[in-house]
Amino acid sequence: MVQVEGIWLKEALSSCPDASACDRQLVVVLLAVVLYFSYHNREVSLRKEFEAQQGKIESVYDTMWKTLKQEAEVTEQYRKAFERIYPELIAGRYSGDNSQLMKFIHEANPNFDVKLYDKLMQVIESQRAYFASAQQRILDIIREHDTLRESLPSSWFVGSQVGV
């Protein structure tokens with residue numbers, strides 16, 4: 001015996017007055033079964049996609065922070081190196097020993113360049129855009145899942161499922 005939404009197939013078919021009525025009832029029952037499986041499978045698919053997208057967001061977030069930390073660390077090391085030699089550069093400029101100053105500048109000058117900060121800002125913008133895209137996708141999945149649970153006729157079959 002097959003049960004569909006509380007109706008036993010055998011009982012449904014046993015109440016048929018004639019063969020054509022039985023055929024119609026069978027078609028309705030089979031349609032209900034097909035719709036149930038279709039909507040149920042779509043709901044399961046959206047739930048799994050949501051879970052996968054959550055994992056992707058965590059990965060994107062982790063990658064974003066590692067990339068930013070790496071870029072910022074390079075920039076921070078560069079800034080610290082420049083701060084370390086800058087006072088000596090200024091002090092050497094005003095002392096009488098210019099040959100020592102030139103040697104020191106040649107050995108230690110990191111050629112401070114603000115392009116590193118520009119690169120850091122570009123990395124931040126690109127990572128932020130990628131993270132926002134992943135966030136938008138999960139919002140789309142939630143919307144699609146809620147629509148499936150709340151619209152007719154799918155709500156008859158999966159309306160009792162908990163939202164993602």
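Modeller: Before we start, a helix here is a DSSP run of H or I covering at least four residues, and helices are numbered from the N terminus. With that in mind, the place of Tyr39 is in helix 2, and please remember throughout that this is a predicted model.

Colleague: Fine. How many helices and strands does the protein chain have?

Modeller: The secondary structure of the protein chain comes to five helices and two strands, and along the sequence these elements follow the pattern β-β-α-α-α-α-α.

Colleague: And what share of the residues is buried?

Modeller: Of the 164 residues in the protein chain, 23% count as buried. The accessible surface comes to about 11600 Å², and carbon and sulfur atoms account for 58% of that surface.

Colleague: What about contacts, how many join residues at least 24 apart?

Modeller: If you take the contacts between residues at least 6 apart in sequence, 67% of them join residues at least 24 apart.

Colleague: Let's talk aromatics. How many aromatic pairs does the structure hold?

Modeller: There are five aromatic pairs in the structure. In one of them, the ring centres of Tyr36 and Phe37 are 5.6 Å apart and the planes stand at 65 degrees, so this pair is edge-to-face, the cut-off being over 60 degrees.

Colleague: Are those two buried or partly exposed?

Modeller: Tyr36 is partly exposed, its relative accessible area being 30%, and Phe37 is also partly exposed, with a relative accessible area of 46%. Another aromatic pair, Tyr39 with Phe157, is stacked, with 5.8 Å from centre to centre and 25 degrees between the planes.

Colleague: Where do Tyr39 and Phe157 lie?

Modeller: Tyr39 lies in helix 2, which covers residues 19–94, while Phe157 lies in helix 5, residues 154–158, so their pair ties together parts that are 118 residues apart in sequence. Both count as buried under the 20% cut-off, because the relative accessible area of Tyr39 is 19% and that of Phe157 is 13%. Tyr36, Phe37, Tyr39 and Phe157 together form one aromatic cluster.

Colleague: What else does Tyr39 touch?

Modeller: Leaving aside residues up to four places away in sequence, Tyr39 touches Leu148, Pro153, Ser154, Phe157 and Val158. The C-alpha atoms of Tyr39 and Ser154 are 6.0 Å apart in space, although the two residues are 115 apart in sequence.

Colleague: Changing topic, which residues make up the largest nonpolar core?

Modeller: The largest nonpolar core has ten residues, namely Phe50, Ile57, Val60, Met64, Leu68, Val123, Phe131, Ala134, Ile138 and Ile141. Helix 2 and helix 4, the latter running over 115–150, are the elements that give two or more residues to this core. A second, separate core has five residues, including Leu46, Leu148, Phe157 and Val158. In soluble globular proteins, nonpolar side chains tend to be buried together.

Colleague: What is the span of helix 4, end to end?

Modeller: The end C-alpha atoms of helix 4 are 52 Å apart, which agrees with the 52 Å that its 36 residues should span at 1.5 Å a residue.

Colleague: Last one, Glu43. Is Glu43 buried or exposed, and why?

Modeller: Glu43 lies in helix 2 and counts as buried because its relative accessible area is 2%, under the 20% cut-off. The side chains of Glu43 and Arg47 are joined by a polar contact of 2.7 Å. Not counting residues up to four places away in sequence, Glu43 also touches His145, Leu148, Val158 and Gln161.

Key. Residues numbered from 1 in each chain as written. Predicted model: local features only at pLDDT ≥ 70, side-chain atom pairs only at ≥ 80, totals over all residues. Heavy atoms only, no water. Phe/Tyr/Trp six-rings, centres within 6.5 Å; stacked < 30°, edge-to-face > 60°. Buried < 20%, exposed > 50% of the residue type's maximum accessible area, 1.4 Å probe, protein only. Contact = heavy atoms within 4.5 Å. Areas by Shrake-Rupley, 256 points an atom, 1.4 Å probe, with all protein chains shown as cover. Core = buried A, V, L, I, M, F, W, Y, C linked by side-chain atoms within 4.5 Å. Expected span 1.5 Å × (residues − 1). Polar contact = N/O pair within 3.5 Å; in protein donor to acceptor, adjacent residues only side chain to side chain.
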